[in-house]
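Here are my notes on the model you sent. Please read them with the structure open.

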Amino acid sequence: MRRRLLTGALGGVLVLGFAAGCGIPDRSAVQIEQRGPAAETNWSLGRGTEPPTREASGGDAEAFVRNFLAAAAGEPDRAYERVTRFIATSERDRLPDKQGSEVALSVVRLTDDPVIEPDVDSMKVTISVQQVGLLRANGMLVPPVATESTYEFRLVSAGPTGEDDAGYYVSDPPNVLLLSDDALRRYYQAEAIYFWNSDRTQLVPDQRYLSSAVPPERRVSEVIRWLTAGPSDWLRIGVAGLPDRTEMINNATGSDGRWEVNLDMPGADEQRLEQLATQLAWSLRELHGTVEVKILNQSRKVVDLAEQRRLNPLDPVEADARRYCVYDGAIHALTVVGEAAGSVPLAPEVNHDIVSAGLRRLDNDVLVAAVVAGADGRQRLAVGRGGGVVETLTTGTSRYTAMSRPVWIRSDGARPAGLVVADGRLYRFDSQATTRQVQLGLPGRVTAVAAALDGHRLALIVDGTLHVAAINWEGEVPSVGPARRLVSSLSDATAVDWSAANLLLVAGSAGRPAIYDVSVDGALETPLREDTGSQVDHLAAYPAIAERSPLAGSFMYEANGVAYRSNPFDRINRDQVQDVTPPPAGVRPGNPTAPVFLY
C-alpha cells in the first residue's frame with residue numbers, strides 16, 4: 001500500500017500541549033502461511049475493550065484519524081457521545097444525534113492511507129473508502145446505504161485553553177457515524193447465532209457483532225435479543241424465526257454457570273421449548289452450565305448447555321476427510337505426509353473423461369457428481385451413488401461448453417441434490433443427472449457456486465462479484481432466495497468455497513491474484529495467499545471444525561493448470577497421486593488438477 005500521509009512542516013501548523021501518546025499502528029498486509037481453526041472466545045471472561053479516546057493519539061495526526069474511525073465502536077447507546085468528543089465543540093450539532101435502536105454505524109474499508117495536508121489554520125483530511133455495510137444496534141450488519149467513496153474533514157487545534165482541551169479536534173465532520181473495518185475487527189466479536197430451517201430439522205448459522213465492551217453478565221441477554229429479532233433479511237427464505245411476538249421480559253440474570261431467562265413466547269409447547277434449548281446451546285456455544293427458561297415467570301425448562309450440544313450435534317461432517325484430484329481424466333487419491341490416503345470412490349470402468357468432481361458422504365454411501373468431457377469437447381454431468389465405491393454413473397443429456405465443479409447440497413431429504421454452473425447459469429441437478437436452471441433474479445454471468453455445510457446457504461460469483469443466498473427446501477426441491485452482494489476488497493472473484501460456518505474462502509484479485517478468507521457478510525477479510533502467481537480457477541476447502549480433524553481449515557486450489565495445498569503452501573506433485581502408471585519414455589507427465597475433499 002502506498003503511503004500518502006503528508007506530515008512535513010506540520011509542526012508550525014498546529015501546536016500541541018502534550019507529548020505523543022500511543023496510536024493505532026499503520027496497517028500491514030501479512031501473508032498467512034499456516035491456517036487452522038479460529039480460536040474460541042471465552043465469554044465468561046469478556047475482553048472489555050474500549051475504543052481509544054481522543055487524547056490517545058497525542059501528536060500523531062494519522063493515529064488520530066484512525067482513532068476517530070474507531071470512536072463509534074462499543075455499546076450503541078454511547079456511540080454518539082464517544083464520537084462527539086472527537087469533534088470541535090462548536091460543530092457537534094452537525095452530527096445527527098441518534099440513540100438506542102436508531103444507532104447505525106457506517107462500516108467502511110480504507111482503500112488507501114488517509115491523506116493529511118496542511119492548510120492555513122488546520123489540516124485537510126481525505127479518506128478513500130469502500131462502503132462495507134451498516135452495523136445496526138442489534139449487532140446485524142446489513143448492506144451499505146451510503147454511496148460515498150471519499151470523506152473530507154479537517155483537523156483543528158483547540159488552542160491553549162487547558163490541557164484537557166489540547167490536541168486535535170475534527171472540524172466539518174461527516175454527517176454519519178463512521179466505523180472502520182479495522183475497528184470492527186478490533187472492538188467487536190463476530191458471533192454465530194442459530195435459527196432452525198423451515199422444517200425445523202437443521203440449525204442454520206447467522207452472524208452478529210457483539211461489542212467487546214459489553215460486560216459478561218449481559219451477553220446472554222444480547223444473544224436472546226438477537227434471536228427474538230429474527231434472522232438476516234437474505235436468510236429469511238430458508239429459516240424460521242421464533243414465534244411471532246416473542247419477547248424477553250427484563251434482562252437475563254445469573255452468573256457462574258447458571259442463568260435465568262424470562263420470555264413471553266406464544267405457543268411455547270414442549271417441542272418449541274426443546275427447539276429453543278438447542279438454539280440457545282449453540283448460539284451460546286462458548287458457555288457451559290445451565291440456562292433456566294421461564295415463560296411469563298413460570299419455570300418451563302432447564303437447559304444443560306453442554307449436554308444439549310452433545311445430544312444435538314451441529315455440523316454433519318466426517319472427521320476422516322480424504323484428498324482427491326483429477327489426473328489424466330480420472331479421479332485419484334492424493335497423499336500428503338502425515339495423512340492417510342483414501343480409496344478411489346469410483347469404479348475403474350466409469351472413471352474416465354473426468355474434468356472435475358464433487359464428492360460427498362451420505363450415511364454409509366458415497367455420492368459422486370462429475371463433469372465429463374465428450375469427444376466433441378462439450379461437457380456433461382454424470383452422477384452416481386454407491387456403498388463406498390460408485391459402480392455406475394448416470395450421464396445427463398444436456399451438453400455445455402464449460403461447467404464448474406459440481407457441489408452436493410446437504411439435506412435431510414431422501415433425494416440427494418446438487419448445484420453446478422454451466423455456460424454462465426446456475427443449475428440444480430438430481431440423482432439422475434437431470435439439470436434444471438435456477439432463477440436467481442440477478443443479472444450477469446454466474447461462474448462459481450459453493451454450498452455451506454448446513455445445506456441452506458450458498459455462495460455465488462456473478463460477474464466477478466461475491467454473493468450469498470439462502471436455500472428453501474420446501475417439497476424436497478431446493479429453491480434459491482434473493483442473493484445479497486458482499487462488498488470485498490477482492491475484485492474479479494473467480495472461485496469460492498465455505499471454509500467455516502460464517503466464513504468464505506475466495507479467490508480474486510488484490511492487485512495480484514490472491515486468496516482471502518471473507519466473512520459471510522463481507523466485513524472481515526484475512527489474506528491467506530497474497531500472490532498465487534496466476535488466476536485461481538478452482539478452490540476446495542475442508543471446513544474449520546476444530547474438534548473433528550487436524551485437516552480443519554485446510555484448502556486446495558488450482559491455478560494455471562497446477563494444483564496446490566495449504567498448511568503449508570506447496571505444489572501438489574504427480575508423485576503424490578496414487579495408482580497412476582508412469583508415462584512412456586519421452587512423454588511428459590501431466591499435472592494433478594481439480595483437487596477436492598471427500599467428507
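The points below go from the whole chain to individual salt bridges.

1. Basis. This is a predicted model; local features need pLDDT of at least 70, side-chain atom pairs count only at pLDDT 80 or more, and totals for chains, interfaces and linings use all residues. Residues are numbered from 1 along each chain as its sequence is written, and side-chain values use heavy atoms, with hydrogens and water left out.

2. Secondary structure. The protein has 39 strands and 6 helices. Both are DSSP runs numbered from the N terminus: H or I over at least four residues for helices, E over at least two for strands.

3. Burial and surface. Of the 599 residues, 53% are buried. Buried means under 20% relative accessible area, exposed means over 50%, and partly exposed lies in between (1.4 Å probe, protein chains only). The protein exposes about 25500 Å², and carbon and sulfur atoms supply 46% of that area. Areas come from the Shrake-Rupley method with a 1.4 Å probe; for residues, only the protein chains shown count as cover.

4. Contacts. Take the contacts (heavy atoms within 4.5 Å) between residues at least 6 apart in sequence. Of these, 57% join residues at least 24 apart.

5. Salt bridges overall. How many salt bridges does a search of the whole structure find? The total is 27. The criterion is a side-chain nitrogen of Lys or Arg within 4 Å of a carboxyl oxygen of Asp or Glu.

6. Arg 85 and Glu 81. These two form a salt bridge, with the closest N and O atoms 2.5 Å apart. Arg 85 counts as partly exposed because its relative accessibility is 42%. Glu 81 is partly exposed too, at 36%.

7. Helix α4. Glu 222 and Arg 218 meet through their side chains in a salt bridge, 3.4 Å from N to O. Both lie in helix α4 (residues 216-229), 4 residues apart, which is about one turn of the helix. Glu 222 has 15% relative accessibility, so it counts as buried. Arg 218 is partly exposed at 23%. The pair also belongs to a salt-bridge network that links Glu 75, Arg 218, Glu 222 and Arg 225.

8. Arg 300 and Glu 270. Here the closest N and O atoms of the salt bridge are 3.7 Å apart. The pair links distant parts of the chain: Arg 300 sits in strand β15 (residues 298-304) and Glu 270 in helix α5 (residues 270-283), 30 residues apart. Arg 300 is partly exposed at 33% relative accessibility. Glu 270, with a relative accessible area of 52%, is exposed.
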